Amino acid sequence: MGVVLKKAVVAEVTEDTVILTDGEVLPTGLVVWSTGVGASTLSKQLHCDRNKQGRIAIDSHLRVQKDGKPVPNVYAIGDCAADVEKPLPTLAAVASRQGIHLAKKINNSLAKRADNSGPFEYRHLGSMASLGQGEALVELKQPHSVDFKGIRAFLIWRSAYFTMLGSIRSRLYVVVNWFGSRIFGRDITYIAEISEAKLWKNLAKEGATREQSRKLLFKQAAAEPRLVLTPETLVEMAQKSSDEAPSSTIETPSTTDVKK
């Protein structure tokens with residue numbers, strides 16, 4: 001796989017070219033754009049200051065800003081927040097270190113200890129990206145800027161990823177998954193698109209069908225007080241109730257459901 005690392009920002013994407021901020025024009029046939037997420041709906045509804053991208057404005061101590069002043073005991077970290085004077089990239093490394101810094105600050109406050117954590121400071125150590133089996137890009141910033149690509153970068157990326165796993169169980173699972181993918185190939189899963197409204201509608205129909213069938217079973221049992229409810233009679237009654245159910249229902253109880 002031929003990999004060329006360009007240290008420039010994309011300014012424009014056309015039908016057959018990618019234009020960089022340094023003026024270079026790259027002819028392309030297929031452009032794959034990988035980017036971060038935007039602000040969530042919840043964060044947009046909060047009444048606080050924001051930057052130009054809509055992220056919650058915070059100061060160097062991660063405190064939420066309102067009318068240019070920090071709100072006491074209200075903090076925001078991660079992709080939804082940004083220091084107006086010194087914005088940081090929306091990276092997992094930034095969010096995780098902000099979480100550690102904020103946790104120490106809150107623990108000191110709960111224990112009524114002096115908070116000597118100071119302002120949050122982020123030092124970018126580098127970036128890594130996997131490009132497939134045996135290919136990756138690694139850009140190291142500390143102590144000197146060094147770039148790697150190919151199999152060497154792939155091994156560095158996997159080593160770093162492996163060391164960040166929290167438990168032995170997770171590490172064993174990942175190792176088994178890596179070897180399985182190497183031997184049998186990667187699994188490809190297709191998830192069909194379904195809207196949230198359609199999902200809730202299907203769940204409501206299923207719930208209504210089950211409730212209607214349950215009421216029919218109790219109605220039949222009340223009409224025949226001498227009837228002994230055994231698994232066989234329950235199955236028979238369920239089949240009978242499904243035949244009498246309106247045609248608008250989309251599902252009838254299965255044998256397993258009735259036994260339960």
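Biologist: What makes β8 and β9 paired strands?

Modeller: Two strands pair if DSSP finds at least two bridges between them; 6 bridges join β8 to β9 (residues 135–140), and the two run antiparallel. S130 stands opposite A136 in β9. This is a predicted model, in which local features need pLDDT of at least 70 and side-chain atom pairs count only at pLDDT 80 or more, while totals for chains, interfaces and linings use all residues. Residues are numbered from 1 along each chain as its sequence is written, and side-chain values use heavy atoms, without hydrogens and water.

Biologist: Why do β8 and β10 count as edges of the sheet?

Modeller: The open sheet has the order β8-β9-β10 with antiparallel pairing. β8 (126–132) and β10 (146–149) each have a single partner strand, so one side of each lacks a neighbour in the sheet.

Biologist: Why is α3 called roughly antiparallel to α4?

Modeller: Angles run from 0 to 180 degrees between N-to-C directions, and those under 35 degrees count as roughly parallel, over 145 as roughly antiparallel, 65 to 115 as roughly perpendicular and the rest as oblique. Helix α3 (residues 151–163) and helix α4 (residues 168–184) pack at about 150°, with axes 10 Å apart. α3 is therefore roughly antiparallel to α4.

Biologist: Why is N51 called buried?

Modeller: Buried means under 20% relative accessible area, exposed over 50%, and partly exposed in between (1.4 Å probe, protein chains only). N51 has 16% relative accessibility and therefore counts as buried. N51 lies in the loop between α1 (41–45) and β4 (56–58), and its side chain reaches the backbone nitrogen of R55 at 2.7 Å.

Definitions and conventions. Helix = DSSP H or I, 4+ residues; strand = E, 2+ residues; numbered from the N terminus. Polar contact = N/O pair within 3.5 Å; in protein donor to acceptor, adjacent residues only side chain to side chain.
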